[in-house]
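This report describes charged side chains and their surroundings. Please consult the sequence and the structure shown below alongside the text.

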Amino acid sequence: MGKRSRQRQKNQNASRDDRDNAGWGAGYADIIKENKLFEDYYKEQGLIPEGEFDQFMEAMREPLPATIRITGYKSHAKEILHCLKEKYFKDIQELEIDSQKIEAPQPLSWYPDEQAWHTNMSRKLIRKSPLLEKFHQFLVSETESGNISRQEAVSMIPPLLLKIESHHKILDMCAAPGSKTAQLIEMLHSDMDVPFPEGFVIANDVDNKRCYLLVHQAKRLNSPCIMVVNHDASCIPTLQIDADGGKDILFYDRVLCDVPCSGDGTMRKNIDVWKKWTTSNSLHLHGLQLRIAVRGVEQLAVGGRMVYSTCSLNPIEDEAVIAALLEKSEGALELADASADLPGLKWMPGVTSWKLMTKEGQWFSDWSEVPSSRHTQIRPTMFPPKDPEKLAGLHLERCMRILPHHQNTGGFFVAVLVKKAPMPWNKRHPKLRKSAPTQTGGSLAADVPRLLPEGSAEEMEDGGPGGRGGGESEPAGAPLAQEAAGKQDAVCGPPPSKKLRVFGYKEDPFVFLTEDDPVFTTIQSFYDLSPDFPKLNVLTRTHEGKKRHLYMVSKELRNVLLNNGERMKVINTGVKVWSRNSDGEEFGCAFRLAQEGIYTLQPYIRSRIIRVSVEDIKVLLTQENPFLSKLEDDAHAQAKRTGMGSIVLKYIPNPNDPSEPQCPIQLCGWRGKTSVRAFVPRNERFHYLRLLGVEVFREKQGLGQRSRDGAKEEAAAEKEGELENGDGNGSLEPNTEGGNEEQQRLKDTKGAVAD
C-alpha cells in the first residue's frame, strides 16, 4: 500500500508545474530531441492533419516562446499594459542579439483585452543578455508583486473556458504550482470596488510541499477568497456549509480538473520528456485521471461547468477519459461546444477512434484483443465505445486539442463538461427540507439538496464508476476515514518520519474572533471602522498569547472553515490586514495596517486617510523617512492634523489629466513625530514608481539577486514589526543632528532610483 501511495503521489506531481511555470525557452542542449516510438505512435493515431507531421515534429524541437500574462483583476492592469507597450516593448523590438533578431512582442489573439503577450525570446536570452537587463528586472519585480505572471500560453486556456463570475464557488483539484489558480482569483475580483466577492476558490494539491508553492503564488494577489487545502484529488472530501439553520452539502459552480499527465505536450521546454517518453506513461495514468474526473463531477452543482485538461496529446489520457466519464454519467453530463468562446485560438476537434500501443510496439484496437495477462495494465475504458450511435451521441468532436505548430505553443487538450443532473450512482438524494429554496449569492444551487441537520451527504454505491477504489465519495458520516485517505499522500519524497509522511507539516489553527473581542476596542476607535465592517470574518493563527497578525476571509469561506475543520487539511487562507506593533500602543492602537490587505480593508476605514498626489508618492517611495514638509501643501496639512501612528496614503486619479496614472493607489504608512514613511515591500515600490513614470534600474552586476533577497528581508522585518524604528517618542526621525540627519533618514533606501 505504501508503494502504491508513493506512486500515486509521484503521478499527481508529474506535469502541472512543467507547463504552468512556463520555462521561458531552451535548455538541456546535450539531449537529442529524437524518440522513434513517439513519432511512430502519433503517426499511427492520425491526430496530426495530413501533410503536417513534419511541421509538427519541427515545432516540437524548437524552444517554446516566452509568454507573459498581465493580472487582469487589478485596477493597475491597464497601466502596466501601457508601460509595457510604450517603454519595454519599444526598447527591445529592434534589437539583434547573437545574430538573432528580436521580434516585437505580440498579444495572444485569443486572450481578452491584450492581457497576454508572446515573443521569440528564450528564458536564457532574457536572463543573460545585457541589452535585455532592464526588461528582465521589470519581469522579476512585477512577477514578485503579482502584477505579471510568466505562464505558458496554453496553460491560460482552461480558466477562460470556465466563464467565472464573481459569485461562483470554484474547486481547483490539482492546483500546484498555481498559475491557473491565480487566473481564477483574478476573475473573481473582476470588480475591484467589491472587496469581498461572494464566490471563492478552494485550491487543492496532493503534495504537502507543493501546497506551499501554491500559497506563494496565491498570496501575491492578496485575496480574502482563496483557501489552499492538501488532499488526494481522487477522494477529496465532501464539505458541508450552514444554510438557513441547517446543513447543506457544498457543491461547486465551477471545477478545474487539470489532471497529472505524461506531459508530452511540454517537450518544447521539458526536454527530458524526449528520452523518457513511452506509451506506458499514459496507461499508468489513465485510471488516476478518470478517478479524479469522477470525483470532480460528483462535487459539481447541476448547471455547473467542469473543465478537464491535460498537457498531453495522447487520446488515452484525453478522449478516453472523457468518453468513459460521459458513458458512466448516463446523460447527467454533456460536452459543451466551446468553439466560439476563444475566437482566434486554433485547435483540432477531438477524435472518435484511437488505438493502444504497448512499449514493446504491440497495437490493440479493441478490448477483446487484449490478452488476459495485460488486463491489469490495459482497461476497457481506454478504448473508444464500440456502438457507433452511442459514440456519436458523446460528441467527442467538441473536445479541443491544441497542436504546437499551429500557433507556436505547447501541446494541450481541453474539454468543457456541463452537469445536467445528479450523477446516477447516488444511492439516494439527501432528505429534502420543506422550506422554500433560497439563492446564495446568485450561485447555481440546483444540485444542492436541503439537508436536515443530521442528514448525511451523498452516498455512493460500492459499484459506482471505477469501483470502490475509483475515487467515489465515502458517506459524509465518515469524514475521518475520508480525511485519512486524502492525507496518506500528503508529502512527496522519502520522509524523515512516518508522521510527516501521513500528515505533512502541522499547521497553526485558524481562530475566528468574536464581535466583542477586546482587540476590536482600540482598532474600532483608532481607524473609525464603519458599522458594516465584518468583524466575524477576522481570524488569527493562535489560541493563546498575544495576537501577532490579524487576517480576513470572506463570509463564505468562514462558513466553510467553521463546518469542516475535521474534514479537510487547510494549509492557508485569508489576507493579512493588521500586524501588531508594540510601539503603537502609546499612540492609541497596537495594530498597524498591512499593505497586503489594504485594498480589502480600506473601504471600511473612515479616518487616518491622507490624500496624496503623484509627487507625494514619488517622495514617499524614494525617500525612507521624509519630513512632513517634503509633502505638497494639501497632504502636508492633512498629515499635521493626523495623530502619530499607522495611516493610509491614498491617491485618487484625475480623469482630466491623462498624463497621470488612471488607477487608484493605496499605501500603508506611518505618521511619525515630524516625518512620514510608506510601508511598502521593495518590488511593490518599484511597481508604483514605474506607474508614475520613474525609471527604476540597477546597474551593478548581481544587484538583481540582492534586490530579491532584500524584498524577503523587508517582508520578514515587517512581520516582526522592525520597520517601526522610531525614537522613544514614536517619531520615525533618526536620532542624529545637523547635516547627517538627511543621510541617516535615507540610508535604508536600497537601490538607485533615478527620475
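## Salt-bridge network

Glu 34, Glu 39 and Arg 61 are joined in a network of salt bridges, a salt bridge being a side-chain nitrogen of Lys or Arg within 4 Å of a carboxyl oxygen of Asp or Glu. By this rule the count comes to 28 salt bridges.

## Basis of the values

The model is predicted: local features need pLDDT of at least 70, side-chain atom pairs count only at pLDDT 80 or more, and totals for chains, interfaces and linings use all residues. Residues are numbered from 1 along each chain as its sequence is written, and side-chain values use heavy atoms, with hydrogens and water left out.

## Individual salt bridges

Arg 401 and Glu 319 form a salt bridge through their side chains, at 2.7 Å from N to O. This pair links distant parts of the chain, 82 residues apart: Arg 401 belongs to strand β18 (residues 400-402) and Glu 319 to helix α13 (residues 319-329). Helices (H or I, at least four residues) and strands (E, at least two) are DSSP runs, numbered from the N terminus. Arg 401 is buried, with a relative accessible area of 2%, and Glu 319 is buried at 0%. Here buried means under 20% relative accessible area, exposed over 50%, and partly exposed in between (1.4 Å probe, protein chains only).

A salt bridge also connects Asp 242 and Lys 247, with an N to O distance of 2.8 Å. Asp 242 is partly exposed at 40% relative accessible area, and Lys 247 is partly exposed at 25%.

## Annotated binding site

The unreviewed UniProt entry lists a "binding site" that includes Lys 180, Asp 205, Asp 232 and Asp 258; such annotations may be inferred rather than shown by experiment. Asp 258 forms a salt bridge with Lys 180, the closest N and O atoms being 3.4 Å apart. Because Asp 258 lies in strand β12 (residues 252-258) and Lys 180 in helix α9 (residues 179-188), the pair ties together parts that are 78 residues apart in sequence. Asp 258 and Lys 180 are both buried.

Asp 205 occupies the loop between β8 (200-204) and α10 (208-219). Its relative accessible area is 3%, so Asp 205 counts as buried.

## Positive surface patch

Arg 123, Lys 124, Arg 127 and Lys 128 form a patch of positive charge on the surface (residues with over 30% relative accessible area and no salt bridge, like charges being joined within 9 Å). Arg 123 is located in helix α6 (residues 123-128) and is partly exposed, at 47% relative accessibility.

Terms used:
Patches are made of residues with over 30% relative accessible area and no salt bridge: like charges are joined within 9 Å, nonpolar side chains (Val, Leu, Ile, Met, Phe, Trp, Tyr) within 5 Å. Accessible areas come from the Shrake-Rupley method with a 1.4 Å probe; for residues, only the protein chains shown count as cover. Lys and Arg count as positive and Asp and Glu as negative; His and the chain ends are not counted. The place of a charge is taken as NZ of Lys, CZ of Arg, CG of Asp or CD of Glu.
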